[in-house]
There are 2 protein chains.
Amino acid sequence: MRTLFTAEMSELAGDLAAMARHVSAAIDRAGEALLTGNVELAQKVIADDAKLDDIEETVDERCVLLIAQQQPVGLDLRTIIASLRISAALERMGDLAQHIAEDARRAYPDSAVPESHSDLVAGMVAAAKTAADEIAELIEDRDLNVAARIVSDDDTLDQLHAEAYKRLLADGFVATPQEVLNISLLARYFERFGDHAVGISRRIVYLVTGDHTGEGSRI
Amino acid sequence: MRTLFTAEMSELAGDLAAMARHVSAAIDRAGEALLTGNVELAQKVIADDAKLDDIEETVDERCVLLIAQQQPVGLDLRTIIASLRISAALERMGDLAQHIAEDARRAYPDSAVPESHSDLVAGMVAAAKTAADEIAELIEDRDLNVAARIVSDDDTLDQLHAEAYKRLLADGFVATPQEVLNISLLARYFERFGDHAVGISRRIVYLVTGDHTGEGSRI
């Protein structure tokens, strides 16, 4: 019984890592679509989001069945409940990648990102993709150094977000309302993406270390 | 044992309803702060958010203990897991109210909302507060008519969101980048607030009816 449970828990972690890799591909493609005006790539991200939703549903059902059939307590129970939270956060990160792809598609054949902000957005795409890759790595290896790198990526996203708004509001900056709207929302999507990555990272750190400080304690 | 469990489940529902009422007060005050430039009220919303976080932590811990000690299955287990999801969504709605209050505070002594959009934002505040009140009512009474009203409030928020962007992008509309940024983000916060309300409503409908269609099936 215990061996079966261990195998099931390992499959659960595998599903979560697969979700993180899906999110990494989605944010990478959404970013490329945004910066190069590649509308087919944007379409692909939008269409693929349903697959992520399917994995989330599988993970959630697996968690409920594991609890009902195995009646876990202690760390096992906390791991399953954390998995529910992590799958919800990954699904949300996929939604944010989808929103970014939708902005790219809406702007086509123009770019949704004005020249003034393309370097910042390129930085956001890179940091967001790295964070998603690191979540997959953290789920698989539970290496706390990876968790620290995710926090650092989120700091990068926060700085780029602040800089994007600063440039927008600088004296003499001229842009159309559409451009200001695009930058406002895109920067916000990337910032939220980073927040979710840190939330996931904290939950895993909590499970590994039992550290009850910080948000991770709210499994 | 069963009676104790029933009492615990009832307390859990009570905590969730209390969270919804807290969110209702927060969005109402944040909206008033926004529309009247009342910075003290904005401060109060920001300071009070920690109380909501505390209730969420209590709810989450109660859920884990209920599962560990009572080993519920079937509908009881699904109700507890749905409660975890609902508390997370309510906490997030509180964060959105806090963001709105922060925008009001940042703009002080000016208003964060330009005259061109104050009627739309007033409509958003009213629909958001109504939705939060209805969540408390739905948790307590499980009346499916209330769930339908929440969906209708969310439709209102979506329409106001679309109209806010439409006005922003209309030919001849003149605004500063700061004003466009404010409207972009505020409309988005209210739209997300409505999405969370509908998500909560669907989960409760699912528990009451066992209806597996729609997002509520993802307990």
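Analyst: Let's begin with a term we will need. A residue is called buried if 20 or more other C-beta atoms lie within 10 Å of its own, exposed if 12 or fewer do, and partly exposed in between. Please keep in mind that this is a predicted model.

Our spot is B:Gln71, and you will find this residue in the loop between helix 2 (39-70) and helix 3 of chain B. How many other C-beta atoms lie within 10 Å of B:Gln71? The count is 16, so B:Gln71 is partly exposed. Now for its backbone: the phi angle of B:Gln71 is near 45°, which is positive even though the residue is not a glycine. As a rule, most residues other than glycine have a negative phi.

B:Arg142 is not a glycine, yet its phi is positive, at about 50°. Look for B:Arg142 in the loop between helix 4 and helix 5 (144-169) of chain B. B:Arg142 has 15 C-beta neighbours inside 10 Å, so this residue counts as partly exposed.

Loops are also where you can see another kind of backbone feature. The peptide bond that leads from B:Tyr108 to B:Pro109 is cis, with omega near 5°. B:Pro109 sits in the loop between helix 3 (74-107) and helix 4 (118-141) of chain B. In general, most peptide bonds are trans. Turn to chain A and you will meet a cis bond there too: the one from A:Tyr108 to A:Pro109, with omega near 5°. A:Pro109 lies in the loop between helix 3 and helix 4 (118-141) of chain A.

In chain B, the axes of helix 1 (residues 2-36) and helix 2 come within 10 Å of each other and cross at roughly 165°. What does that angle tell us about their directions? An angle over 145 degrees counts as roughly antiparallel, and helix 1 of chain B and helix 2 of chain B are therefore roughly antiparallel to each other. Their crossing is left-handed. Sorted by class, the contact of helix 1 of chain B with helix 2 of chain B has 15 nonpolar, 3 polar and 9 charged residues.

The axes of helix 2 (residues 39-70) of chain A and helix 3 (residues 74-107) of chain A cross at roughly 170° and come within 9 Å. These two helices of chain A are therefore roughly antiparallel to each other, and they cross in a left-handed way. Their contact has 14 nonpolar, 5 polar and 8 charged residues.

A:Leu16 belongs to helix 1 (residues 2-36) of chain A. A:Leu16 has 25 C-beta neighbours inside 10 Å and so counts as buried. Leaving aside residues up to four places away in sequence, A:Leu16 touches A:Val59, A:Ser83, A:Ile86, A:Ser87, A:Leu90 and A:Ile139. A:Lys51, in contrast, is found in helix 2 of chain A and counts as partly exposed, because 14 C-beta neighbours lie inside 10 Å.

Let's step back to chain A as a whole. Chain A has 6 helices and 0 strands. Its radius of gyration is 19 Å, close to the 17 Å that the globule rule gives for 219 residues, so chain A is as compact as a globular protein of that length. Buried residues account for 50% of those 219 residues.

Finally, see how the chains meet. In total, 26 residues of chain A are in contact with 26 residues of chain B. Helix 2, helix 3, helix 5 (144-169) and helix 6 (177-209) of chain A each supply at least two residues to the side that touches chain B. Helix 6 of chain A gives the most, with 7 residues. By class, this side of chain A has 17 nonpolar, 3 polar and 6 charged residues.

Note on methods. Residues numbered from 1 in each chain as written. Chains lettered and ligands numbered in written order. Predicted model: local features only at pLDDT ≥ 70, side-chain atom pairs only at ≥ 80, totals over all residues. Axes fitted to C-alpha atoms, helices over the stretch in contact; angles between N-to-C directions. Helix = DSSP H or I, 4+ residues; strand = E, 2+ residues; numbered from the N terminus. Parallel < 35°, antiparallel > 145°, perpendicular 65-115°, else oblique. Left-handed = near helix turned anticlockwise from the far one by under 90°. Nonpolar A, V, L, I, M, F, W, Y, C, P; charged D, E, K, R; others polar. Rg over C-alpha atoms; globule rule 2.2 N^0.38 Å. Contact = placed C-beta atoms within 7 Å.
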